[in-house]
Amino acid sequence: MNRTQSGKVAFLVSTMMFWFCMYTYVPILTPYVEALGGTLFTAGVVVSSYGLAQLLVRIPIGVWSDRLGNRKLFIIGGLVCATVSSLGFFLSGSVPLALLFRTLSGIAAGSWVAFTVLFTGYFEPHGAPRAMGVISFYASIAQMAATAFGGFVAQAYGWHAPFALGALGGLVGLLAALSIRETRLPQGPKMEIGSLLRLARRWSLLSASLLAALSQCVTFTTMFGFTPLYAAHIHASRGQLGLLTFFTTLPNAIAGYLSGTVLARWMGERATAAAGFALAALGTAAIPFTHTVTALLVTQAINGFGQGVAMPMLMGLSIRSVPMSERATAMGVFQAVYSLGMFGGPLLVGLIGNQVGLRGGFLIVSAVS
């Protein structure tokens, strides 16, 4: 294996461990906050803090990365934040600290800008949608493994075990990241506000970003938000909560790979994204009408597949026409805008849930999709 290949392997290991670190506890997060004494609204605030942090940091990370011509530095920084977040969850046990460390995980997730832009550099410029499909596949596989293991270790060893597992994964990813090799770009010019606004107004970037915000609204109020809480209310065990997210992320991973490599060629890019939204709407609308864990697994498999079809396509389309020297900034804009959905979706459902219950919240989110 030559140095370039070993660098790519290190990158993929880092990518998978990055998401493994942050997703080991996703299946139990909202039930865990409730067990700490939090309300439905409090759980919504904790979940939404992840998106709010990303909203605030992703554009600055993208601009700074383009300015320095460096992606690896931000990948390492993201892994450090993710590891500290999981470790903090493990060592603490209160709602305010859960909010703090979930916010830190959102800051870590902001570095996904650097991961995605570095990976597109391995492809031709027009291959951005395919690159996003491939990296989304590896990310989803890691999330799938993390949530499956996280649910079962919580079942066997208690609430805090998934956090310890996540911190261990983060350390492995951090060690691998030190071996990543990248072709450093020349330092770019300082990004002025006017230039940033002109870039953000590109219709290809803006339209994909707004659609992605709606997609993330669905994802973070269902798969990574309140579906596990709904499952707990219909008497799912902690192990079954991990299985629930596994059955979501497996179709998500498969769809992510197929989206940019097969479906787009067969259906066209816009039709592929639209089909993803339709499937997600169907899976979300069915949640309130399920009364067994088995039926809930089916709804989330449909939802996960739909999300996996739509997001990589939107991500690739957002930067395909952007010059390489501005891609991290453009990806920062894209990911900051879609963070609105991560932040606003769970907060909205938390507020609605206190008034009309989870069922009403799910139906509204389905309508959004």
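## Thr116 and helix H6

Thr116 is buried, with a relative accessible area of 0%; buried here means under 20% relative accessible area, exposed means over 50%, and partly exposed lies in between (1.4 Å probe, protein chains only). The residue belongs to helix H6 (residues 112-120), where helices (H or I, at least four residues) and strands (E, at least two) are DSSP runs numbered from the N terminus. This is a predicted model, in which local features need pLDDT of at least 70 and side-chain atom pairs count only at pLDDT 80 or more, while totals for chains, interfaces and linings use all residues. Residues are numbered from 1 along each chain as its sequence is written, and side-chain values use heavy atoms, with hydrogens and water left out.

What does Thr116 touch, leaving aside its neighbours within four places in sequence? Its contacts (heavy atoms within 4.5 Å) are Met132, Ile135, Met315, Met331 and Gln335. The rest of the helix is much like this residue in burial: nine of the nine residues in H6 are buried, among them Trp112, Phe115 and Phe119.

Rings of Phe, Tyr and Trp (its six-membered ring) pair if their centres lie within 6.5 Å; planes under 30 degrees apart count as stacked, over 60 as edge-to-face and the rest as tilted.

One stacked example is Phe89 with Phe163, at 4.8 Å centre to centre and 10° between the planes. This pair links distant parts of the chain, with Phe89 in helix H4 (residues 72-91) and Phe163 in helix H8 (residues 161-177), 74 residues apart. Both Phe89 and Phe163 are buried. Tyr230 and Phe362 make an edge-to-face pair, because their ring centres are 6.0 Å apart and their planes stand at 85°. Tyr230 sits in helix H10 and Phe362 in helix H14, so this pair ties together parts 132 residues apart in sequence. Tyr230 and Phe362 are both buried.

## Ser339 in helix H14

Helix H14 also holds Ser339, which counts as buried at 0% relative accessibility. Not counting residues up to four places away in sequence, Ser339 touches Gly51, Gln54, Leu55 and Arg58. Its C-alpha atom is separated by 15 Å from that of Ser207, a residue 132 places away along the chain.

## One salt bridge

Side chains of opposite charge can pair when their charged atoms come close. How many salt bridges does a search of the whole structure find? There is one, taking a salt bridge as a side-chain nitrogen of Lys or Arg within 4 Å of a carboxyl oxygen of Asp or Glu. The partners are Arg71 and Asp66, whose closest N and O atoms are 3.0 Å apart. Arg71 is buried at a relative accessible area of 4%, and Asp66 is buried at 7%.

## The cavity

The largest cavity has a volume of about 360 Å³. On a 1 Å grid over the protein atoms alone, a cavity is a set of points where a 1.4 Å probe fits but cannot get out, and lining residues have an atom within 4 Å of a point. Grid points are joined across faces, edges and corners, and a volume is the space filled by probe spheres set on the points.

Of the 23 lining residues, the closest to the centre are Ser140, Gln143, Gln216, Asn252 and Met311. Elements giving two or more residues to this lining include helix H1 (3-23), helix H7 (128-157) and helix H14 (327-368).

Note on methods: On a 1 Å grid over the protein atoms alone, a cavity is a set of points where a 1.4 Å probe fits but cannot get out, and a pocket is an open set with protein on both sides within 12 Å along at least five of seven lines; lining residues have an atom within 4 Å of a point.
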